[in-house]
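Here's a quick tour of the structure shown below. Have a look at it first, then read on.

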Amino acid sequence: SSDVCSSDLGCDIVIVDTNYSANTKFLEDSGLAVEDIKNGVGVDQYLRTDIPNIFAAGDVVKRVQNQNDLVDRPNSWIIAKMQGKAAGANAADFLLDKQDDMVEFAQYLETAKMKILDLPLVLTGVITNKEGIDLEEFSYVNEELGKYEKIVLRGSNIVGYLRIGTISESGIFEKLIEQKIDISSIKDDLIDEDFNVDLLMGMIS
């Protein structure tokens, strides 16, 4: 619109992160509850919908509570394939009247490691603030070394981690997130350039 101000910003690289909505329009006459498919198909721990013999997996699945009690939806091809395999196996067990053999699908912590223009990048967990959730963000930039680090906390627990310029030590943060370790005693020092990572190592079981 003509009311929007614009300006030019110099930069070396632009990274765009987008969200998406599940395409459930084809399910409108399926018998699934409208409210159940509006934001994605609702499933239980066996990836079963509210119609017992219908299972769902992948991007179409409704946002679920992840291991940090933050609402999210699996958005990687790897997780979608794992869900599809589990949903297919559970559907087969259901049809063969072997419900006792159905297996719960565990939510996984998603981590992405990549290189963009020779710049290594790693991100794991929740790295953007979500509406209605009280998250705290810490960030650190070293332009000379081409490094950027961002740590996202919910209360005393790390729920997300982003690092550009190096992917070393990312495994430590994955464990801290998975184990919901209380880091309140050192959180103000986390992004200090001279922070001793051994302190974090000692917290991991």
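A salt bridge here is a side-chain nitrogen of Lys or Arg within 4 Å of a carboxyl oxygen of Asp or Glu. By that rule, the structure holds six of them. Keep in mind that this is a predicted model, where local features need pLDDT of at least 70 and side-chain atom pairs count only at pLDDT 80 or more, while totals for chains, interfaces and linings use all residues. Residues are numbered from 1 along each chain as its sequence is written, and side-chain values use heavy atoms, leaving out hydrogens and water.

**Salt bridges**

- Side chains of opposite charge can pair when their charged atoms come close.
- Arg48 pairs up with Asp44, with the closest N and O atoms 3.0 Å apart.
- Asp44 counts as partly exposed, at 27% relative accessibility (buried means under 20% relative accessible area, exposed over 50%, and partly exposed in between, using a 1.4 Å probe and protein chains only).
- Glu136 forms a salt bridge with Lys187, and their closest N and O atoms are 3.0 Å apart.
- That pair links distant parts of the chain: Glu136 sits in strand S5 and Lys187 in the loop between H3 and helix H4 (198-201), 51 residues apart. Helices (H or I, at least four residues) and strands (E, at least two) are DSSP runs, numbered from the N terminus.
- Glu136 is partly exposed, with a relative accessible area of 32%.
- Glu149 forms a salt bridge with Arg163, the closest N and O atoms being 3.8 Å apart.
- Glu149 belongs to strand S6 and Arg163 to strand S7, so this pair ties together parts that are 14 residues apart in sequence.
- Both ends are tucked away: Glu149 is buried at 9% relative accessibility, and Arg163 is buried with a relative accessible area of 13%.
- Salt bridges that share partners join Glu149, Arg163 and Glu169 into one network.

**The sheet**

- Five strands make an open sheet, in the order S3-S4-S7-S6-S5, with antiparallel pairing (two strands pair if DSSP finds at least two bridges between them).
- Strand S3 (111-116) and strand S5 (136-142) are at the edges with a single partner strand each, so one side of each has no neighbour in the sheet.
- From one strand to the next, the twist averages 15° (axes are lines fitted to C-alpha atoms, for helices over the stretch in contact, and angles run from 0 to 180 degrees between N-to-C directions).
- Strands S6 (residues 147-154) and S7 (residues 157-164) run antiparallel and are joined by seven bridges.
- Leu153 stands opposite Ile158 in S7.
- Helix H3 (residues 170-178) packs on the sheet, touching S3, strand S4 (119-125), S6 and S7, and its direction makes about 160° with that of S7 (contact means heavy atoms within 4.5 Å).

**Aromatic pairs**

- There are two aromatic pairs in the structure (rings of Phe, Tyr and Trp, with its six-membered ring, pair if their centres lie within 6.5 Å; planes under 30 degrees apart count as stacked, over 60 as edge-to-face and the rest as tilted).
- Phe55 and Phe94 have ring centres 6.2 Å apart and planes at 65°, so that pair is edge-to-face.
- Phe55 lies in the loop between helix H1 (34-37) and strand S1 (64-65) and Phe94 in helix H2 (residues 77-95), so the pair ties together parts 39 residues apart in sequence.
- Tyr161 and Phe173 have ring centres 3.9 Å apart and planes at 5°, so they are stacked.
- This pair links Tyr161 in strand S7 with Phe173 in helix H3, twelve residues apart.
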